[in-house]
Amino acid sequence: SQNNKKSTINTKLCYISKIMNSAKKQNKIKSKPTITKFKVKNARQARISKEDEQKIMEYFDINKMPRMKNIVTLLIETGIRKGEMYKLTRETLLVDKGKHGCIVLYDTKNGEDRIVPLTQKAMEALVYLFQTSETKYAVYEKYNKLRYDWEKMKKAIGKETEKDFVIHTCRHTCCTRLLANNAPLKKVQLWLGHKRIETTMRYTHLIANDIMDMTQFLEEPKTETE
């Protein structure tokens with residue numbers, strides 16, 4: 001559609017690509033046509049600071065919203081997409097792999113399966129979600145409900161004017177924290193499931209922005225006469 005944004009068109013092309021991948025696997029088509037996406041700027045650059053994360057969790061505690069608290073914890077700790085989150089079942093959880101277990105993600109956005117390791121916090125959050133779920137899925141709440149609860153929390157902690165502070169910010173947060181702690185770029189790419197390394201590299205610019213004011217620690221302090 002002429003009224004669609006480039007990012008929206010890219011999302012639709014991703015769905016078409018997945019359909020083509022599935023058709024090829026089933027031998028319904030001989031080859032997958034090349035799908036060219038638009039180049040778009042990575043507009044959303046918000047991240048959740050440790051201070052804001054504490055405020056978020058306190059809000060959910062005060063308002064007795066343990067499932068929302070654990071959903072957000074899971075998203076921050078794993079960096080998975082919301083579509084991947086909604087596919088999590090007990091069969092996708094491998095408790096004996098890695099230090100704290102891992103999750104297996106099938107049929108992801110880029111058409112490939114991948115494994116994501118879990119931190120202790122992520123494992124605890126996921127176990128709680130399974131134990132309190134009304135279905136076989138860890139998360140059964142409709143996304144509109146999650147977004148509604150997020151917006152209420154966002155207003156409560158003073159973030160209502162920050163348009164980029166959305167649920168997807170949890171994914172950005174996971175990526176930048178991995179890179180800030182010197183995780184190898186290639187491994188971060190595999191963790192997040194980025195098709196291209198350039199997508200992962202965008203987050204290195206965010207980390208660079210965090211150190212732009214560090215020169216103050218090298219500059220000589222001014223005297224009163226100056």
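Modeller: In this predicted model, a residue is called buried under 20% relative accessible area and exposed over 50%, with partly exposed in between.

Colleague: Which exposed residues does the face of α6 turned away from its buried side carry?

Modeller: Helix α6 covers residues 143-156 and reaches 20 Å from its first C-alpha to its last, close to the 20 Å expected at 1.5 Å a residue. Its buried residues are L146, D149, W150, M153 and K154. These cover an arc of only 140° around the axis, and therefore lie on the same side of α6. The face turned away from that buried side carries the exposed residues N144, Y148 and K155.

Colleague: Against which helices do the buried residues of α6 pack?

Modeller: One of these buried residues is W150, which, leaving aside neighbours within four places in sequence, is in contact with I48, M68, V72, F165, V166, I167 and C170. Taken together, the buried residues of α6 pack against α2, α3 (66-78), α4 (82-85) and α7 (169-180).

Colleague: Is R47 buried, partly exposed or exposed?

Modeller: R47 sits in the loop between α1 (6-25) and α2 (50-62), and its C-alpha is 8.7 Å from that of D164, although the two are 117 residues apart in sequence. Because its relative accessibility is 27%, R47 counts as partly exposed.

Conventions:
Residues numbered from 1 in each chain as written. Predicted model: local features only at pLDDT ≥ 70, side-chain atom pairs only at ≥ 80, totals over all residues. Heavy atoms only, no water. Helix = DSSP H or I, 4+ residues; strand = E, 2+ residues; numbered from the N terminus. Buried < 20%, exposed > 50% of the residue type's maximum accessible area, 1.4 Å probe, protein only. Expected span 1.5 Å × (residues − 1). Arc of directions from axis to C-beta. Contact = heavy atoms within 4.5 Å.
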